[in-house]
Amino acid sequence: MNRPSGFDGVRPVLLPPAGAQASLRRIGALLRRYIYLLRSSSVRVVELIYWPFLQMLTWGFLQKFLATTNNPYMQGAGVLIGAVLLWDILFRSNLGFFTTFIEEMWSRNLGNLLISPLRPAELVAALCLWSIMRLSIGMIPVAAAAFFVFGFNLLDLGLWLAVFFSMLVLTSWSLGLIAAGVMLRYGLGAEELAWSLAFLLLPLTCVYYPLAALPGWLQPVALALPPTHVFEGMRAILLEHRFDASDLWWALGLNAVYLAAGYGVFRWFLSSARENGSLLQLGE
Amino acid sequence: MAQVEGGAANAPVLPIVARGLTKRFGAVTAVDNLDFSVEAGTTVALLGGNGAGKTTTIAMLLGLIRPSAGEIEVFGTDVARNRFAVAQRMNFQSPYVDLPQRLTVRQNLMVYAGFYGIANARERLAGVAAQLQIDTLLDRPTGKLSAGQKTRVGLAKALLNAPELLLLDEPTASLDPDTADWVRQTLKTYAAARGATLLIASHNMTEVERLADRVILLRAGRIVEDETPRALIASYGRETLEDVFLDVVRGRSVHDSAERAEGGRP
């Protein structure tokens, strides 16, 4: 190597580090990095579509078979495919948030991020935005395939689709924040637990069956979870062509509480990690 | 230049001031009541055996660990409370922290230029790449680089914002002597050109002797010596800093060493 040259080259022009513009710039930088990461591997893009597509096919064929039976519930227009697609919105959005975060730990880059001028709230905002972008890449082709293969048009849910989408994404962020916090505090050893957090909601939020199918004592628990109101609302629209707006308000209110709690838990775990030194040893 | 409030009207704000700095992890005291300050434009080495508290001290300066007691200020700001006020003026490099492997070097550096708010990112990146001789590596995935190349890229990340305070944790660990020497030269050149303050945690005595104006020796979380390398060697009656280091980690004091030197014992 040549001897190091003098540091008399281009000096950096530093922009003010505080304020909304600075925050947007840092969030933009992080999003750019996530895009670079996705672009670096075509396998990752395929993976975003692969599992939702397989799920949709499996449940679509099941729906088609059940529609030939005399069960009026199952004869409803695409109630199972609708449930699969909506569940995938929740699950994939959560996955997008969480895997992007955990990738910082796998690549041993979290230390660099946490000492940079990037604020924790900016990290969270970038993860939220990226989860929507990833979700769109995966779900739009799969929703289109559901229309062409099974004649199920997700857009038949009309404006409610946007509402359901928002409610499920908000819930996924709450889960992602808690999972990310657990990883910060307990390191990669807690990975399995954090991964499985979203599945806790699968039996409780009545994705594939009505609330009435749950035992009476479990129903209040289900009603305290925002996605239950979304899935009940979806069935009401597809089976009875009606929607009870109070379901929406419940989902919105509960999401506000869970999101605030999720962010609080994330900050608490981050603070606790600073306290006990686990940010220095983010391994097993 | 920023000024200290109150009576010391013309005193410059020091890059680092630690007062009674303590960190306890349960029953273990990793850093025990450290008092030290670092003057602008100097290079200070934190030296000590494994578990002496070097990395914990640096992590507290970076805001990665919260002190159990005491204060730690960077450019007059309490970093335990508000590290963001000074984050743009400092940076850090360690071989134990990586950049994402799949991204190219250029992509990684552009992202960090965004975090540090560098308006002329492309020009600055080209300048730093030329200085660190990584121009030919810019479009290669970071994960495909050798250890020496990764160190230079990590250093490029740390120098992007031309930090006034650069913290380094064993910057030449696992490098061959040629690359390690090159890194030391680069750090020395940068510090001189920028007037930057460097705090280096290291086990490498050659590195410390060549770079540091001052050595803070730690044992069991406490400062046992705080001197220039030359003065330390003289006061222990030794020939190299490595001998002094061995004396300190083995619990020998200046007094023991001086007696031993007089008696001709090793």
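## A sheet in chain B

Seven bridges tie strand β1 (residues 16–25) of chain B to β2(B), and the two run antiparallel. Strands here are DSSP runs of E with at least two residues, helices are runs of H or I with at least four, and both are numbered from the N terminus. Two strands pair if DSSP finds at least two bridges between them. Within β2(B), S37(B) is the bridge partner of V17(B).

β1(B) is also joined to strand β4 (residues 69–74) of chain B, by five bridges and again antiparallel. There, I72(B) in β4(B) is the bridge partner of A18(B). Two bridges then link β4(B) to β5(B), antiparallel as well. β4(B) and β5(B) form a hairpin with two residues between them. In that turn, F75(B) has a positive phi of about 50°.

Together this gives an open sheet of four strands, in the order β2-β1-β4-β5 of chain B. Its edge strands are β2 (28–38) and β5 (77–78) of chain B, each pairing on one side only.

## The model and its confidence

This is a predicted model: local features need pLDDT of at least 70, side-chain atom pairs count only at pLDDT 80 or more, and totals for chains, interfaces and linings use all residues. Residues are numbered from 1 along each chain as its sequence is written, while chains are lettered from A and ligands numbered from 1 in the order in which they are written.

pLDDT is the predictor's confidence in each residue, from 0 to 100. Chain B averages 88, and 91% of its residues score at least 70. Residues 1–8 of chain B stay under 50. For that stretch the model has nine contacts beyond four places in sequence. Two residues are in contact if their C-beta atoms, placed from the backbone, lie within 7 Å. For the complex, the predictor gives an ipTM of 0.86 and a pTM of 0.87.

## Chain B as a whole

Chain B holds ten helices and ten strands. Its C-alpha atoms fill a box of roughly 60 × 50 × 40 Å along the principal axes. A compact globule of 266 residues would have a radius of gyration near 18 Å; chain B has 19 Å, which agrees. That radius is taken over C-alpha atoms, and the globule rule is 2.2 Å times the number of residues to the power 0.38.

Of the 266 residues of chain B, 48% count as buried. Buried means that 20 or more other C-beta atoms lie within 10 Å of the residue's own, with C-beta atoms placed from the backbone.

## Where the chains meet

The contact takes 45 residues from chain B and 44 residues from chain A. On the chain B side, α1 (54–62), α3 (105–115), α4 (121–131) and α6 (177–194) each supply at least two residues. α6(B) gives the most, with seven residues.

## A helix in chain A

Helix α10 of chain A covers residues 226–240. At 1.5 Å a residue, its 15 residues should span 21 Å, and its end C-alpha atoms are 21 Å apart, which agrees. The expected span is 1.5 Å times one less than the number of residues.

α10(A) is mostly covered, with eleven of its 15 residues buried. Among them are P226(A), F231(A) and I237(A). The cover includes α3 (79–106), α6 (159–186) and α11 (245–276) of chain A. After α10(A) comes H241(A), whose phi is positive, near 55°.

How values were computed:
A residue is buried if 20 or more other C-beta atoms lie within 10 Å of its own, exposed if 12 or fewer, and partly exposed in between; C-beta atoms are placed from the backbone.
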